[in-house]
Amino acid sequence: MKSSRIKRIAHITIGVSDLKKAVSFFEDVLGLGKMGEWPNYAIFDIAGVSFGLEPRAKLEICLLVDDVDEAYRSLKEKEVKFVTEPKDQPWGVRDATFVDADGNKFVIESFQCKVCGKICQSYPELLKEHLRKHK
Ligand SMILES: [Zn+2]
């Protein structure tokens, strides 16, 4: 059986009602390392898996692939229901979103540097080794 070459869970985003309260819970109570915080998003690192909090979002599981377009085509052939097409995001990743039969949201994403073409294995790697260095 042809695989869509999903390598691992790259990150998980959960919905929260109060971002500040949630950040304080995950940072101060659970002791997770915070990688960044913005007015509408905060991101933590749990042993290489990024864990994001977003107000009013639904749970999203992001799966790492090397080539989003190839995985998209391969899953689409198997009639997987996509809700967004492959797209380059302003924060540097390329992704596409699909839902399973129960409406759970999954994102396939890749961390390929647009400047040198290197495929990174994590967003921190893309951010630190490429996006910030190429500027
Ligand atoms: Zn690069």
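In helix H3 (residues 123-131), Tyr123, Leu126 and His130 are buried, with 20 or more other C-beta atoms within 10 Å of their own C-beta, placed from the backbone. Helices here are DSSP runs of H or I of at least four residues, strands are runs of E of at least two, and both are numbered from the N terminus. The model is predicted: local features need pLDDT of at least 70, side-chain atom pairs count only at pLDDT 80 or more, and totals for chains, interfaces and linings use all residues. Residues are numbered from 1 along each chain as its sequence is written.

**Exercise 1.** Work out how the buried residues of H3 are arranged around its axis.

*Solution.* 
- Step 1: Look down the axis of H3; the buried residues fall within an arc of 75 degrees, so they line one face of the helix. The arc is taken from the directions between the helix axis and the C-beta atoms.
- Step 2: Recall that an α-helix has 3.6 residues a turn, so residues three or four places apart point the same way.

**Exercise 2.** Find the elements that give two or more residues to the largest nonpolar core.

*Solution.* 
- Step 1: List the core's 11 residues, among them Cys62, Leu64, Val68, Ala71, Phe106 and Val107. Such a core joins buried Ala, Val, Leu, Ile, Met, Phe, Trp, Tyr and Cys residues through C-beta atoms within 7 Å.
- Step 2: The elements are S5, H2 and S9.

**Exercise 3.** Is arginine 56 buried or exposed?

*Solution.* 
- Step 1: Locate arginine 56 in the loop between strand S4 (49-55) and strand S5 (60-64).
- Step 2: Arginine 56 has 9 C-beta neighbours inside 10 Å, so it counts as exposed (12 or fewer).
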